[in-house]
Amino acid sequence: MHTWILEKPGLFARTEPGRMADPAAGEVLVKVHRMGLCGTDYHAYRGEQPYFAYPRLLGHELGVEVIATGEDVQQIAAGDRCAVRPYLACGRCDACLRGYTNACEQMRVLGVHVDGGLQLYLKLPASQLHKSSTLSFDALALVEPLSIGAHAVHRARLQADDRVLILGAGPIGLAVATFAGLHQLQKLAVADLQAQRLSFLQKLSFPQRPTPVLLSQEPMEQICAAFDGKKPTVIFDATGNARSMEQCFSYAAQGARIIYVGLCQQHLSFSDPLFHQKELTLFASRNSLPADFAYIIELLESGHLQVQAWITHRYPLAQLPQAFEAIHQTRDDICLKAMIDMET
């Protein structure tokens with residue numbers, strides 16, 4: 001089967017992956033049915049992705065079918081449909097031993113550090129699979145991006161009296177809004193510079209409908225207006241923009257919590273007197289944990305979480321280079337989630 005390898009920024013080349021060997025003990029061989037495209041893939045295409053080396057087969061948002069299992073694999077069987085947790089942790093470092101497998105010191109992520117799911121067959125440790133007997137391959141491919149938002153919300157330890165601001169209405173910001181909305185909050189708002197991104201708030205299903213905030217020249221006034229004249233007690237920054245991340249400190253209420261979900265390549269700076277005067281708490285949120293995947297699959301299977309509207313674009317594998325170029329060039333049609341059908 002032919003597929004596409006990202007040779008360098010902006011250039012895909014046709015390639016044919018070699019035949020996969022039979023799975024070893026503890027491994028499974030899977031067939032990739034769906035692959036979601038995300039910001040990591042787009043940044044790699046533009047040459048803006050940290051921790052990335054070319055050439056690379058992209059793909060870490062995957063809906064797969066188990067084809068064969070190696071010895072000692074008991075919970076997964078041929079024919080199972082699964083989501084893939086693409087963070088390959090070593091299991092031996094201090095972080096892994098303390099339960100922080102999402103921040104493994106030797107972390108390898110599919111499609112970033114090692115070749116990913118942009119191939120029809122893929123061999124993985126069985127521990128990386130999360131099965132479902134009812135979910136579609138589309139839904140399974142969405143579990144990973146949703147898990148980023150779920151993990152960030154777990155980090156924040158939300159309380160009923162919290163006023164929550166989410167900066168950035170891209171897929172990760174909207175995933176954060178989805179899981180924040182499962183909590184009883186005093187107020188929930190999502191802010192972005194683009195009205196088209198905020199329009200997705202009207203299309204998606206949220207347990208608690210967020211207030212859209214279109215930021216312009218006076219963001220502090222607009223943010224306070226969304227919270228009835230008060231400042232937010234929790235801020236999630238999902239922009240990956242250094243200026244936005246630094247401004248969080250001025251937006252925050254006394255004693256607020258700030259969670260950086262987005263990632264930028266720059267050094268950040270902030271006023272230490274302001275940080276102390278407000279007694280702020282700053283969190284980073286990286287990847288997600290097995291429990292986040294199990295939590296999301298349970299919500300999807302029970303119908304408490306609906307994700308059909310997340311997929312705004314769909315392409316066959318044969319058109320993958322054109323998909324990247326179209327999404328890169330578009331200005332009017334904002335893409336929330338593009339899904340690649342690996343069998344066409």
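Modeller: Before we start, contact here means heavy atoms within 4.5 Å, and please keep in mind that this is a predicted model.

Colleague: Okay, with that in hand, which residues does Phe236 touch, not counting residues up to four places away in sequence?

Modeller: Leaving those sequence neighbours aside, Phe236 touches Ala152, Val153, Ala156, Leu158, Val164, Leu165, Ile166, Leu167, Val176, Ile259 and Val261.

Colleague: And how many residues are in the largest nonpolar core?

Modeller: The largest nonpolar core has 97 residues, and those with the most contacts inside it are Leu129, Leu146, Leu158, Leu174, Phe236 and Trp310. The largest share of this core comes from H3, with 12 residues. Apart from it lies another core, of 21 residues, which includes Leu167, Phe227, Ala242 and Ala252.

Colleague: Let's switch to charges. How many salt bridges does the count come to?

Modeller: The count comes to 10 salt bridges. One of them joins Arg314 and Asp138, whose side chains meet at 2.8 Å, N to O. Arg314 lies in strand E16 (residues 313-316) and Asp138 in helix H3 (residues 137-156), so this pair ties together parts that are 176 residues apart in sequence.

Colleague: Is each partner there buried or exposed, or something in between?

Modeller: Arg314 is partly exposed, with a relative accessible area of 43%, whereas Asp138 is buried, at 17%.

Colleague: Which residues are linked with them in a network of salt bridges?

Modeller: The network links Arg34, Asp138, Arg314 and Asp341.

Colleague: What about Asp115 and Arg56, where do they lie?

Modeller: The side chains of Asp115 and Arg56 meet in a salt bridge of 3.1 Å, N to O. Asp115 lies in the loop between strand E7 (108-109) and strand E8 (121-125), and Arg56 in the loop between helix H1 (39-46) and strand E4 (61-69), so the pair ties together parts that are 59 residues apart in sequence. Asp115 is partly exposed, with a relative accessible area of 33%, while Arg56 counts as buried at 11%.

Colleague: You mentioned H1, so which of the residues of H1 are buried?

Modeller: The buried residues of H1 are Asp41, Tyr42, Ala44 and Tyr45. They cover an arc of only 160° around the axis, which puts them on the same side of H1. In general, an α-helix has 3.6 residues a turn, so residues three or four places apart point the same way.

Colleague: What covers those buried residues of H1?

Modeller: The cover includes strand E1 (3-8), strand E2 (11-15), strand E3 (27-37), helix H11 (320-329) and strand E17 (338-341). Just after H1, Gly47 takes a positive phi of about 75°.

Colleague: Different topic, then: where is the place of Lys278, and which side chain of opposite charge is nearest?

Modeller: Lys278 sits in the loop between helix H9 (272-277) and strand E15 (281-284). Lys278 is buried yet has no salt bridge, and the nearest side chain of opposite charge, that of Glu279, is 13 Å away.

Colleague: What lies 3.2 Å from a polar atom of the side chain of Lys278, and what does Lys278 touch?

Modeller: The backbone oxygen of Ser250 lies 3.2 Å from a polar atom of that side chain. Not counting residues up to four places away in sequence, Lys278 touches Lys231, Phe249, Ser250, Tyr251, Ala252, Ala253, Gln254 and Gly255.

Methods:
Residues are numbered from 1 along each chain as its sequence is written. This is a predicted model: local features need pLDDT of at least 70, side-chain atom pairs count only at pLDDT 80 or more; totals for chains, interfaces and linings use all residues. Side-chain values use heavy atoms; hydrogens and water are left out. Helices (H or I, at least four residues) and strands (E, at least two) are DSSP runs, numbered from the N terminus. Buried means under 20% relative accessible area, exposed over 50%, partly exposed in between (1.4 Å probe, protein chains only). Lys and Arg count as positive and Asp and Glu as negative; His and the chain ends are not counted. A salt bridge is a side-chain nitrogen of Lys or Arg within 4 Å of a carboxyl oxygen of Asp or Glu. A polar contact is a pair of N or O atoms within 3.5 Å; within protein, one must be able to donate a hydrogen and the other to accept it, and residues adjacent in sequence count only if both atoms are side-chain atoms. A nonpolar core is a set of buried Ala, Val, Leu, Ile, Met, Phe, Trp, Tyr and Cys residues joined through side-chain atoms within 4.5 Å. The arc is that of the directions from the helix axis to the C-beta atoms.
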